Amino acid sequence: MQNKVSSRSLADLLRKIERTPDTNRRQLRERRAAIRRLSKWSGLPPSQIPASPQGLRAVFDRVHRSGAGVRPHTIANVKYCCLDLLTESGINPSMRRRGQRPNPIHEEWSTYYQRLPTKYLKVCLTRLVHYFDTTNILPPSVDDAAFLRFASHVEETSLQANFPRMIRDAARAWNEATRLPENVLLQPVTVPASQRARKLLATEDLLLSLQRDITAFEEWAAGSDIFSQNARKRQLSRPTCRKIIQDIRRAVTLAVQAGVSLQTISDLRSLVSADNFTIILRQAHAEKKGKPSAYNFQMALSLMVIGRDFLKLDAEHVARLKELTYTVPRPPQRITNKNTQLIMRFDDPQVVRKLVEAPKDLWKLVRVTDRPNRWTLAKAQAAIALAMLPVIPLRLGNLTALAFDEHIFVRPKGYSTLTIPSDENKSGTALAFDIPPDLVAMLTEYREILAPKIIGHRPRYLFCRDDGELKNFATVRSLIQGYIRRYLGFHMNPHAFRHLAAKITLDQDPGAHGQVQQFLGHKNMQTTEKYYVNWDTKRAQRKHIENLEKALADAQGCRRSAGKRKDVQ
């Protein structure tokens with residue numbers, strides 16, 4: 001039966017519905033339009049679009065990745081029409097049909113739902129409540145077996161893109177609700193495991209003595225006590241500290257995988273002993289199958305620096321660690337092939353057009369929202385980021401921390417500027433940019449009108465939460481990457497806008513590495529040339545082709561002139 005269903009297409013279902021005598025003509029037009037749109041977005045003819053929730057999820061995922069630039073509510077309408085078509089044809093009978101009034105839910109479920117204290121819990125548990133109500137399962141009877149049936153039902157009937165995450169959210173929300181005083185008779189359920197398997201030992205898995213050493217390192221790196229005898233002259237940023245601690249966890253994990261007992265790694269000093277350090281690097285090298293790895297080199301460098309600067313190991317020991325560190329094969333310091341191929345996508349005018357239109361389209365959606373909320377705020381921030389990064393390619397850390405009247409100076413009757421002080425820039429140089437007029441208009445409307453409606457006052461930070469506080473680095477990165485994928489159809493780290501700026505500059509003015517250095521804020525010219533000098537090959541070939549065409553044209557002109565002189569003679 002499953003094979004028979006999965007072999008049918010939306011075109012087959014539509015023909016079946018069209019032969020039904022009492023078919024509603026308006027609904028039929030909507031379904032035809034939905035299938036045509038889905039076919040256009042996915043590039044598949046209707047006869048190849050599968051008539052099953054599992055197959056349709058794959059098709060809509062293909063649309064999402066294609067960067068069709070379709071608005072979310074438009075995709076939601078098409079999804080609704082497709083599910084309605086499945087229901088009408090009998091393939092998806094568990095879904096309530098259009099126009100069918102829902103049965104009133106049981107009193108126990110109604111009471112349970114009304115007692116949920118937050119909107120988040122209600123959103124996560126709405127589908128669960130309706131499913132258990134229709135299957136006559138009351139709240140005290142919900143257990144792991146019942147929850148697994150609910151998860152299976154969602155997989156078979158929903159077009160939710162990431163339904164495993166939705167199931168985990170529902171399980172967490174249910175467990176949170178069971179801790180309420182009025183729900184003491186309810187039993188928690190097991191939260192399904194994430195598909196992303198954990199590869200590194202957690203900090204809690206390490207020995208307590210090693211955990212204390214890591215805590216002491218964090219305090220030292222943050223410069224908590226500047227008068228300490230071993231105080232660090234310049235404190236490390238939080239992202240750098242997190243990266244080093246992740247390197248420590250990976251080093252311990254590799255040592256254990258290589259056969260070293262976890263009980264013998266009692267502190268950082270034992271971790272960076274010459275024997276353990278060698279074992280860790282050998283295991284890391286094997287993990288990467290002998291290929292050059294910047295990941296391995298950075299881990300080795302972190303451990304070597306810990307031994308040299310924090311533990312103050314003797315000179316001979318540090319020299320041995322340094323020798324082993326620089327033995328690790330690492331790729332040359334230049335732009336990677338992946339980033340080169342990514343930037344080459346912008347040779348396509350269609351991709352450039354999508355990038356230019358993305359912030360404009362997002363801003364239109366922000367403006368038409370009747371009741372702005374935190375999602376509207378995030379959408380507005382994504383629009384500003386996509387409009388800003390192509391013309392002001394900041395590092396993501398600087399972008400995240402932007403504040404009005406500290407970094408962003410909006411002047412309605414003069415030049416608006418964006419500045420980064422030298423102590424906040426990675427290279428130690430101050431940066432200043434003029435803000436284009438269209439971006440000034442977005443920033444003004446965001447600060448004066450939109451954000452105050454949501455957070456209650458003018459925001460201090462550009463990337464703020466709905467409580468006015470600053471969003472973290474990872475949240476801003478994920479926000480920008482999500483909308484880039486939606487509109488352009490491929491993954492792109494916000495840092496790649498710096499490479500794109502260098503490409504555009506050097507395409508228009510080959511050899512202008514000095515301009516790129518100043519624009520991107522590199523500390524010296526070597527950094528700029530190291531990353532972007534290889535791109536000159538393509539430009540040199542383009543110039544060579546122009547010269548060759550000119551030479552051929554000159555040769556043909558000389559040949560015609562010689563022929564004319566011969567005719568005259």
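**Reading salt bridges and a helix in a predicted model**

Tutor: Let us begin with one pair in this predicted model: Arg465 and Asp467 form a salt bridge, and their closest N and O atoms lie 2.9 Å apart. Arg465 counts as partly exposed at 36% relative accessibility, and Asp467 likewise counts as partly exposed, at 42%.

Student: How many salt bridges does the structure hold?

Tutor: The structure holds 15 salt bridges. Another of them joins the side chains of Lys243 and Asp247, with an N to O distance of 2.8 Å.

Student: How are Lys243 and Asp247 placed in helix α11?

Tutor: The general idea comes from helix geometry: an α-helix has 3.6 residues a turn, so residues three or four places apart point the same way. In this case Lys243 and Asp247 are four residues apart in helix α11, which covers residues 238–257, and about one helical turn therefore separates them.

Student: Which residue forms a salt bridge with Arg250?

Tutor: Arg250 pairs with Glu287, and the closest N and O atoms are 2.8 Å apart. Because Arg250 lies in helix α11 and Glu287 in helix α13 (residues 274–287), the pair ties together parts that are 37 residues apart in sequence. Arg250 is buried at 3% relative accessibility, while Glu287 is partly exposed at 42%.

Student: Which residues of α14 are buried, and what covers them?

Tutor: The buried residues include Asn296, Phe297, Met299, Ala300, Leu303 and Phe310. Among the elements that cover the buried residues of α14 are α10 (208–221), α11, α12 (268–271), α13 and α15 (315–325).

Student: What is found at the start of α14, and what just after it?

Tutor: At the start of α14, a side-chain oxygen of Ser293 comes to within 3.3 Å of the backbone nitrogen of Tyr295. Just after the helix, Lys312 adopts a positive phi of about 55°.

Notes: Residues are numbered from 1 along each chain as its sequence is written. This is a predicted model: local features need pLDDT of at least 70, side-chain atom pairs count only at pLDDT 80 or more; totals for chains, interfaces and linings use all residues. Side-chain values use heavy atoms; hydrogens and water are left out. A salt bridge is a side-chain nitrogen of Lys or Arg within 4 Å of a carboxyl oxygen of Asp or Glu. Helices (H or I, at least four residues) and strands (E, at least two) are DSSP runs, numbered from the N terminus. Buried means under 20% relative accessible area, exposed over 50%, partly exposed in between (1.4 Å probe, protein chains only). Contact means heavy atoms within 4.5 Å. A polar contact is a pair of N or O atoms within 3.5 Å; within protein, one must be able to donate a hydrogen and the other to accept it, and residues adjacent in sequence count only if both atoms are side-chain atoms.
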